[in-house]
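Please work through each task before reading its solution.

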Amino acid sequence: MNISKFIEELKRRNVFKVATAYAIAGWLIIQVVSTVSPQLEFPEWVAPFFTVFVLIGFPLALIFAWAFELTPDGIKKSQEVDITESVTSRTGKKLNGIIITVLSMAVIFLLIERVFFAEAAFIENQSETGFETASIAVLPFVDMSAGQDQEYFSDGLSEELLNALAKVEDMKVAGRTSSFKFKGQNENLKLIGDELNVDHILEGSVRKSGNRIRITAQLIKVNDGFHMWSETFDRELTASNIFEIQEEISKKVLGELKVRLLTSEEAELDQIPTRDIEAYQAYLKGNQLLVNRNYDEIVAAIDLYETAIRIDPSFAAAHANLAIAYNQQGYYGNIPLNDMQKNIKESADKAMAINKESAEAHAALGAYYENESNFEEALKFYLKSNELNPNLIDNYNWIGNLYLQFGEPEKQMAWYEKGFEKDPLNPLTIYNRTRVSLWNRDYEEMEMFFEKNIRINPDFIPTYYLKGNIASGAPFGRFDEAFINHYKTIQLDPNFPRAYSFLIYETTALNLKPLATQYFNTLRTKYNQSFEYRGIVGFYEHYTVGKYDRFEEDVLRYLDSTNTPPNDGTIFGDMYDFAMQTGDIKRVLPYFELSDPGLFSDTLKTLTRRNADQAYLLVELLKRAGETEQSDILVTAFCDYAERSKQWLPENQDDVAYLLNQSSCSFAKGDYEKYYIQLEQLYSMHRDFPGVYIMLWDIKNNFPDKYTDNFKNLQRKLDEELNQQRENVIEFLKSEGEWKEEWEAEKN
């Protein structure tokens, strides 16, 4: 076969031109269908179908071009057309025109697709994935000095860069705690980038030799490990110029990042926090000690901040973080409220006087006002703090917690999620992300976050505390598992008073009263000024010993001395029980009125999630105080709130909280038959053991004439299950060597 003649024949029959025209037209069809399918919501099979159709047609078109010819008399087989009568040259010219036309259409389509559809895809992607202009993690610079004595400098340089980048709008910067988790572990940057969900990593090293210091910085693209930029700086180091060097390097690095990542956005450095090396070292060490919420470490951090301030009284950041540490000391320790508030305010005010733009000082003042139950003012300071420094991760926790006080759990969870996105390895953000999973009823995900926090943050004891809290409530109803986790909490950290309050609650519910008394005595002896003690003393006296001396002395008289409403909702429940059991209704009504005067207004119509629980408790108190009209107003308002509550709950009318509100409405209206049915549902369907336990106790002890056989039977079923859990706890304590033989008499 003569190949050259065969090729000439292919050309004569326009096979090459048909192939070209078909290929361009086919490509254009595929591109048009693929581009418009998502916008027109075509089924997923449409685009692949056209692609296969075009591919199958290609060889058929070539065969057709070879075997047939277009003549003035129509299509004929090529072998039937005499070569002298062939019009393939004219057909070829037509094909040239078709090729040019199709090419022009392809060019026009490409322009439209790039300009319009690409922009639409960009916008869609931005809305779906939270597009950021750039995302980066600043890993702690490695101290490679022979003496390993420049860690404060390398850490400080990293923090300076991180804080500056965090202020750039639309840039995602991994939080400090997460970034510093990889200190000395820079081998697999792809893994670090995936873990922190960032596209770029800034890393570097510091090496001091004699009086010379060498700083190396490099910007790396995570997905391919490509070094986008690197530079080495050699400087002479003295005690007086160390912070100037740090500032110089930071500005240089930020300048390079501006060119490569930040487009026209400026990144500004904070003012140099202090000129003293020793003060700066103490400050950095103090910051690290606040992460785990360990009381001993909080006290050590306070000492370090005070050291930094003694060395440099104008160190604003040290004053501000000292105020935050004082707040943590009160929250996790045994500091009287007045003393804690005095310490917070003094330190925060000093920080603000030195630097009015201190994010930490604003956050500390937010805590101060929250402790005063001035939640609106607290939110203002927290939000301003977040604006000043979006990478102050604790803010996301504080703001979320505050929205719980406002009765807005959706916003609460949204702030927890924001914090986790910023700092995904921070123990506190994982802790709060676990709470989001619980709120969403995703229990498998919740367990995954528990396991993750225990694995990567084993020293963060609140994880076990939260596991215990969740285990006892709906939908689990496991007081035994709750007890074991809270027991582990105090085994790992004996100075964790919050766990003692829950141990008292669980051992009381499980009828292990000697244990409840032991835990209560420990809490009262060591932490009688703590929030936890004042929040549990009423429960212990009501449910365990049946007398109210300590509640009167340690809670009500304390509130009298401070003249502030309690910021712990459980205390209002304790006041209700105290008043119902003693008959001294007038003793507690002023605290309710101090907290929310609107509940005593005859024009009250609408309750919020913030004051609904107090309103429910007031219904019976006001009725027994002779204020029946105001009591009726509260019943109407509460039942309206109970119906509306499904709007903001994850499972709407099927949510356990909705049923709990409905049962409370039934009780307030005196519909005890419906109330029993709803309690039975809370027990059997939702396993809300804490709610059912307290409501049965209430009707048995405060409304004995309403405690019918239905309620007694439900109490019997609950007791049977709690007795089995009680045996599980006893077996656990025996395995730990903590069970005392003299307690055996208390088993029945």
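**Exercise 1.** Determine which contact the side chains of Glu 445 and Arg 433 make, and where the two residues lie.

*Solution.* The side chains of Glu 445 and Arg 433 form a salt bridge, at 3.3 Å from N to O; the term denotes a side-chain nitrogen of Lys or Arg within 4 Å of a carboxyl oxygen of Asp or Glu. This pair links distant parts of the chain, 12 residues apart: Glu 445 belongs to helix H18 (residues 443-456) and Arg 433 to helix H17 (residues 427-439). Helices here are DSSP runs of H or I with at least four residues, numbered from the N terminus. Glu 445 is partly exposed at 22% relative accessible area, whereas Arg 433 is buried at 11%. Buried means under 20% relative accessible area, exposed over 50%, and partly exposed in between (1.4 Å probe, protein chains only).

The model is predicted, so local features need pLDDT of at least 70 and side-chain atom pairs pLDDT 80 or more, while totals for chains, interfaces and linings use all residues. Residues are numbered from 1 along each chain as its sequence is written, and side-chain values use heavy atoms, without hydrogens and water.

**Exercise 2.** Identify the salt-bridge partner of Arg 587 and the network that contains the pair.

*Solution.* Arg 587 pairs with Glu 552, their closest N and O atoms being 3.2 Å apart. Through shared partners, salt bridges join Glu 552, Arg 557, Asp 560 and Arg 587 into one network. Both Arg 587 and Glu 552 are buried.

**Exercise 3.** Locate the salt bridge of Asp 194 and state how its partners are spaced.

*Solution.* Asp 194 forms a salt bridge with Lys 190, with the closest N and O atoms 2.9 Å apart. Because the two residues are 4 apart in helix H7 (residues 189-196), about one helical turn separates them. Asp 194 is partly exposed at 47% relative accessible area, as is Lys 190 at 39%.

**Exercise 4.** Describe the disulfide of the structure.

*Solution.* The structure holds 1 disulfide, a pair of cysteine sulfur atoms within 2.5 Å. Cys 639 is joined to Cys 665, with S to S 2.0 Å. Cys 639 lies in helix H28 (residues 628-644) and Cys 665 in helix H29 (residues 656-669), so the bond ties together parts 26 residues apart in sequence. The link is right-handed, with 105° about the S-S bond. Cys 639 is buried at 16% relative accessible area, and Cys 665 is buried at 7%.
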